[in-house]
Amino acid sequence: MDNTRELLERYSSLEVADDIPTEGRLTWEQIHSTIGNGAWIRMIGVASVFGGTSKAFAYLYDSDGTLSHASDTWVDGRYVDRYEKYLEGETFDKHPESSIILLDVTVPIISYDRNYNYSTKKYEYSNVAVTEEIKNVRYSYDKTSKTWKADSYYNTVSEITNQGLIDKKYLDNLLLTYEEVVALKVDRNTNEAPQKGYLYDASAKPGTPFNEFIPSVTTTTITTTTTTSTTTTTNLKPTTSTTTSATTIPTTTKPLTSTTVTTTVTSTLTTTTITTTSKYQGFYYKKINNGVEITGLDETITGDVIIPEEIDGLPVIRIGEFASFHKEENISDYMPSNDGILRVYDIGSGYTLVQRDNLTSVSIPSSVKEIGNSAFWGCKKIKQINFFSGLERIEFCAFMGTGITELKLPDSVKYIGASAFYGCQDLSKVTLPKNLEFLGMCNFILSKLDSNISTGNFIVDGWYIKYKAGNDSYPKVLSIPEGTIGIAEQSYSYINEKENDTTKIIIPSSLKIISDNSFRYYLGLEEFEVADNNPYFFEEKGVLYNKTKTKIIRFPAASPMLDYVFPNTITSTSPWAFCCCQHLNSVKMNNELSELGGAAFKGCKNLSSVEFSNAIRNLNSCEYLNVGGAQGNIDIEGTFQECDSLDHITIPKNIDYIGDATFAFCKNLKKVTVKNPCCEIVNSYDYEATFTNGLYDDNFKEVDIIELYGYKDSTLQAYAQKYNKKFVAINDSLLLGDVNNDGTVDGSDATWVLREYGNVLAGKEAQFTPEQFEAGDVDRNGTIDGSDATLILKFYGEAGMAVEISYGGMELWMNNNFWKTRNL
């Protein structure tokens, strides 16, 4: 997990040791109280895509009463990446369009009255007054003006200023020009880790200031004298009037004047490992939940490693990430050194994890339920691993590159992550668990089992790993051998154009598990065939379904079908279900479909028409860990990514979530309409990547032809403003609740709904038009009834007045105050 708030909330929910009081347990509000206006925190993060944990710094700050986190932002002279962690050594020229947080800025609090003028279609302000506060202010880059504007405030201040109600200096102070940002030296502390802040990394009591934390260390002291430069920033305060406050508008004093002070500092360096966990007979450990996790081995443990079953009266239930690595202070990069030993620098802690080359065997007791990422990665002298029943999960790269010759896993194991047993070159015999549910990509590649097969099906103990073509072509008909029980996750690293030769895949009666991304790159695949007596899968017109035909497993990429209508029985699809379909022009979903798998239509080059189900809520993306050998990266793939024939699409009101890269690289997409004004739109990149064409002019400048259509003040409009996309406001004649089309939602609409409901109960012909039906079906259950009238009256009562529907008032209210509580 990389999200700062999620990490902290997870930490606050962990069980604490008996010697720590349980009353007053850590809450998000307590964290906010400790952080105050803003501060650095040190927390537990992820060391690499292969896993592993590290200590990382994040920055939290108060934003109008809500605790927010810095992301892709310059703050305090340091860069915080999109994963919300401080990155050492980053420079402004690498991130010239990232946001900027300025600390301790004097801001006015502006109070006002606001009324909407229906003639001019603009807000009119009155009774405007200003007071001052000290706050941290976030400025976001605006590509049009090539300036940084204070988030959430600039537009309002602009409207008030343009009406001549406040001094223009306030609006000017909401901007940072390029010259001003250069003068700020936003990367001035880039090579210096934060020295002030609070600990939330399980090393001390949550909220302990950095300077009060004295870890247990074995110390070798080196005294050095260093000359450093410190930049002091001066803020100017404007003169303002005083009144009561309503909305916080940061408008002032940008730190433009700075003074450089040179000082001499004497520092003490410790050259041994900081120990924040306990130690037992050479094993470092920490208490988790109702047991113990092994976090490391000291230098006394060599040869045969026997993991203890119990420590301090508690069962050992987990072996942690990089547990076998030892630590040294030298900072090395993520690569083998001249001695052939891999070193992985642990971000934030200042030491390097170094592979062991002196372990020969490992015995893991039955108490252990999980083995973490890269736990014994690269221990090439380990020849034997003894597992016992009770183990359930082996995470990716856990035993990659070890020297084992035989592997026998207990039947209790259900999950084996990607590359857990990749590169075990001496491995020649494998017994997999009978209850295995998932086998990740790249397992057993470069083993003797792999090298012994030059061409044909590579199968390990009933699990299909891949087809090895060698110098031959792939078969026209690929028949999965009878006796195969599962198909492992497959890496694109091992896919090549020869797979286009395969037009048909035959599923045997024995097969019961197919991973989500299997066969997605067989671009010549026209059909599946399933053995009649297979109890798990079913085929119809070449499409692969589960046995009950409630889930689409895989639509063949070269199926001749041009138009596909979802069967009425379908309620879900697998991720990548239609990936790379070559001929598909249109899809029509049924209204029973409630779960559309992530990246479902990625790469459907000819798809031009989509009719959505009114039951689905999310357009999800998929994170795809592409692992090959010691390399790996996480790709994010979106629902309609690379659908080149889409030129317009309308996202209906029932969809609440649009995930990363949903419309990435859609070359001809010109118009996207989002009917839900509260729809959450996600973009995890440093740049706009959810609605893109992927086009560039002769000067390699990105060309954007997409226009976003949505309601004014919607989340889509906010997204468009943030990423400088063209936004067009829509004004439907009928929106949710406004069945009489008078521009308001009130009691008369409820009366209309009840009248129509009465007609239906009396068996009379319905009077509503399709547009009125859509507006009147407030609870979206497909009928007009009394509950719709009740909701309209409830909305009208809570609003206290008729709300202009052109702004999606009913829609906003339903999403924020009703829908989510009903979990509809």
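1. A residue counts as buried here when its relative accessible area is under 20%. By that cut-off Cys397 is buried, because its relative accessible area is 0%. Cys424 is buried too, again with a relative accessible area of 0%. Keep in mind as you read on that this is a predicted model.

2. While we're on cysteines: how many disulfides are there? The count comes to 0. A disulfide is a covalent bond between the sulfur atoms of two cysteines. For a pair to count, the two sulfur atoms have to lie within 2.5 Å. Take Cys397: the closest cysteine sulfur belongs to Cys442 and sits 9.0 Å away, so that pair is too far apart for a bond.

3. Next, the largest nonpolar core, which has 59 residues. The members that touch the most others are Ile371, Phe387, Phe399, Phe421, Leu432 and Phe444. Several strands supply at least two residues each, among them E19 (283-288), E23 (314-319) and E28 (359-363), along with E36 and E37. The largest share, 3 residues, comes from E20, which spans 291-297. Domain 3 (281-453) and domain 4 (455-554) each give this core at least three residues.

4. Setting aside residues up to four places away in sequence, Leu432 touches Leu409, Asp411, Ile416, Leu439, Phe444, Val460, Asp461 and Trp463. There is also a second, separate core of 45 residues, including Val543, Leu619, Ile655 and Tyr723.

5. E36 and E37 turn up again in an open sheet of 4 strands, ordered E36-E37-E39-E41 with mixed pairing. Which strands stand at the edges? They are E36 (456-460) and E41 (513-514); each has a single partner strand, so one side of each is left without a neighbour in the sheet. Inside the sheet, E37 (residues 463-468) and E39 (residues 486-487) run parallel and are joined by 2 bridges. Tyr464 stands opposite Ile487 in E39.

6. Last stop, Ser98. You'll find Ser98 in the loop between strand E6 (86-87) and strand E7 (99-117). Is Ser98 buried or exposed? Ser98 is buried, because its relative accessible area is 3%. What does its side chain make a polar contact with? The partner is the side chain of Asp72, at 2.6 Å. Leaving out neighbours within four places in sequence, Ser98 is in contact with Asp72, Thr73, Trp74, Tyr79 and Trp148.

Note on methods
Residues numbered from 1 in each chain as written. Predicted model: local features only at pLDDT ≥ 70, side-chain atom pairs only at ≥ 80, totals over all residues. Heavy atoms only, no water. Pairing = 2+ DSSP bridges. Core = buried A, V, L, I, M, F, W, Y, C linked by side-chain atoms within 4.5 Å. Buried < 20%, exposed > 50% of the residue type's maximum accessible area, 1.4 Å probe, protein only. Domains from an automatic or database assignment. Contact = heavy atoms within 4.5 Å. Polar contact = N/O pair within 3.5 Å; in protein donor to acceptor, adjacent residues only side chain to side chain.
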